[in-house]
Amino acid sequence: MTTQNDNAAQPAQQQPPVDENTIIAERRSKLNAIREQGVAFPNDFRPEHKASELHAQYGELDNEALEANPVKVSIAGRMMLKRVMGKASFATLQDSSGPRADGRMQLYITNDVTGPEAHGAFKHYDLGDILGAEGTLFKTKTGELSVKVTSLRLITKSLRPLPDKFHGLSDQETKYRQRYVDLIMSEETRRTFKARTAAMSSIRRFMEKNDFMEVETPMLHTIPGGAAAKPFITHHNALDMQMFLRIAPELYLKRLVVGGFNRVFEVNRNFRNEGVSPRHNPEFTMMEFYAAYVDYQWLMTFTEQVIRQAAIDAHGTATLTYQGRELDLAKPFQRLTITGAIKKYAPEYTDEQLNDIDFLRTALKKFGVKTDQAPLAKAGIGALQLALFEETAESQLWEPTYIIDYPVEVSPLARASDTVAGITERFELFITGREIANGFSELNDAEDQAARFQAQVAAKDAGDEEAMYYDADYIRALEYGMPPAGGCGIGIDRLMMLITDSPNIRDVILFPHLRRED
């Protein structure tokens with residue numbers, strides 16, 4: 001069969017830009033005409049095929065083979081390209097079945113096959129309209145798999161014009177604010193969120209394979225707990241009581257361990273009333289898991305396996321490229337103490353200096369850290385060492401590195417070491433200079449936990465807004481007895497930044513928080 005050329009790029013003619021409001025008005029006029037003819041937004045078209053599946057199954061056949069054994073198809077999608085040429089026209093539909101090449105299908109509309117009435121109506125359709133088409137597959141002269149349309153319907157009229165196909169959405173804030181348009185126009189954005197879904201499916205499969213039970217715990221808390229963070233405050237009208245959006249699910253998950261569920265995990269939102277930055281969003285996704293009869297050493301090995309498998313399942317390999325630099329998740333993750341990391345990346349500091357509280361305060365002041373204000377005003381050596389680590393070493397931790405043995409004073413829920421005074425069996429995992437996970441052997445001594453909560457209350461009274469509250473019911477739960485356990489929280493959004501090579505946390509959150517448009 002002889003056809004015109006495919007949707008090849010045509011020389012652009014210089015035309016004055018058309019006002020968007022004028023375009024919208026014209027499209028509304030078209031919609032009104034459609035309403036007068038009958039149902040404007042029909043819901044009786046059922047596509048039976050997807051573009052990617054058709055390309056996979058028939059893409060290698062030549063036109064002679066397709067004509068010898070006609071393949072009838074029924075597809076639907078958004079019209080992204082259109083070219084009208086007298087008695088024949090071309091259009092390209094995009095569905096959600098694959099990346100741009102596989103998720104698009106070309107339509108061939110003619111007076112002879114489609115019919116002059118349907119073809120005439122098509123000429124008034126606009127880019128962005130959602131169409132349903134039936135017909136048979138064939139190959140054009142240039143070898144593009146296409147549909148010779150026998151029936152064509154307008155399913156949804158698009159009232160707003162799509163961005164220019166050559167430039168897409170150029171403003172980053174608009175991409176975040178109008179994610180629906182970003183997804184229509186950007187193959188890269190669609191690929192990012194499909195990779196996120198693949199990684200999340202991998203994590204859930206891995207957890208279930210290792211006998212973890214997925215659970216759901218409350219999002220509204222009467223007492224915010226489980227992390228050092230400033231909560232969002234709300235009010236329950238029926239009960240006339242103040243409540244908080246959860247900052248972490250930890251204390252509820254550990255209540256389940258008390259109740260006899262020895263391995264539990266939850267993937268859900270946390271909310272923290274803090275700043276917005278390339279690595280912070282006030283609403284974010286965490287995966288927290290708890291296992292009885294394990295310690296933080298086991299947790300580090302297991303967390304490493306979870307992250308590595310998620311990368312493999314989403315990306316195809318554990319060796320990634322992040323912002324132009326290789327990132328190897330395949331090899332064992334490093335382990336360093338806080339002071340060990342400081343000395344590695346800032347070797348000018350000596351052991352003697354790192355254990356001198358006055359020296360630490362002086363050193364931190366050089367970095368602009370206010371050590372005379374909460375939470376450092378009354379901090380001990382351990383908290384000051386941690387603060388210096390954050391200034392000197394944290395951003396240098398490109399390869400996956402566990403920082404271990406955190407001081408008790410900054411780890412109110414972690415089990416204290418049985419052999420080294422003042423530290424806990426706790427770790428934080430850093431990759432590309434960002435914290436990805438936080439875990440520890442759990443504190444299951446009810447009396448010790450109560451004393452730690454009291455210390456947190458004192459810190460809050462002294463001005464530390466992120467200090468924890470005293471949770472009497474959690475103490476009561478521990479008094480029934482919790483087996484020795486370990487728990488870890490993985491920041492899903494930051495992990496997805498790594499897996500998808502995204503520089504900003506907003507790139508991996510479908511609808512990130514932004515200032516109001518007005």
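**Cavity and aromatic contacts**

Hi everyone. Sorted by class, the residues lining the largest cavity are eight nonpolar, no polar and three charged. Please keep in mind as we go that this is a predicted model.

Which residues make up that lining? They are Pro224, Ala227, Ala229, Pro231, Ile247, Lys460, Glu465, Glu466, Ala467, Met468 and Tyr469. The volume of this largest cavity is about 40 Å³, and the count of cavities of 30 Å³ or more comes to one.

Now let's turn to the rings. How many aromatic pairs does a search of the whole structure find? The answer is 16. Take Phe90 and Tyr108: their ring centres are 5.2 Å apart and their planes stand at 40°, so this pair is tilted. Phe90 belongs to strand S2 (residues 88-94) and Tyr108 to strand S3 (residues 104-110), so the pair ties together parts 18 residues apart in sequence. Phe90 and Tyr108 are each buried.

A second example is Phe389 with Phe430. Here the centres are 5.5 Å apart with the planes at 70°, so the pair is edge-to-face. Because Phe389 sits in helix H13 (residues 381-392) and Phe430 in strand S16 (residues 426-431), this pair ties together parts that are 41 residues apart in sequence. Phe389 and Phe430 are both buried as well.

There is also an aromatic cluster, formed by Phe206, Phe212, Phe289, Trp298 and Phe302.

Finally, have a look at two arginines over rings. Arg325 lies over the face of Trp398, 4.3 Å from the ring centre. Arg426 lies over the face of Tyr406, also at 4.3 Å from the ring centre.

Methods. Residues numbered from 1 in each chain as written. Predicted model: local features only at pLDDT ≥ 70, side-chain atom pairs only at ≥ 80, totals over all residues. Heavy atoms only, no water. 1 Å grid on protein atoms, 1.4 Å probe; cavity = no way out; pocket = protein on both sides within 12 Å on 5 of 7 lines; lining within 4 Å. Points joined across faces, edges and corners; volume = space filled by probe spheres on them. Nonpolar A, V, L, I, M, F, W, Y, C, P; charged D, E, K, R; others polar. Phe/Tyr/Trp six-rings, centres within 6.5 Å; stacked < 30°, edge-to-face > 60°. Helix = DSSP H or I, 4+ residues; strand = E, 2+ residues; numbered from the N terminus. Buried < 20%, exposed > 50% of the residue type's maximum accessible area, 1.4 Å probe, protein only. Lys NZ or Arg CZ within 6 Å of the ring centre and 35° of its normal.
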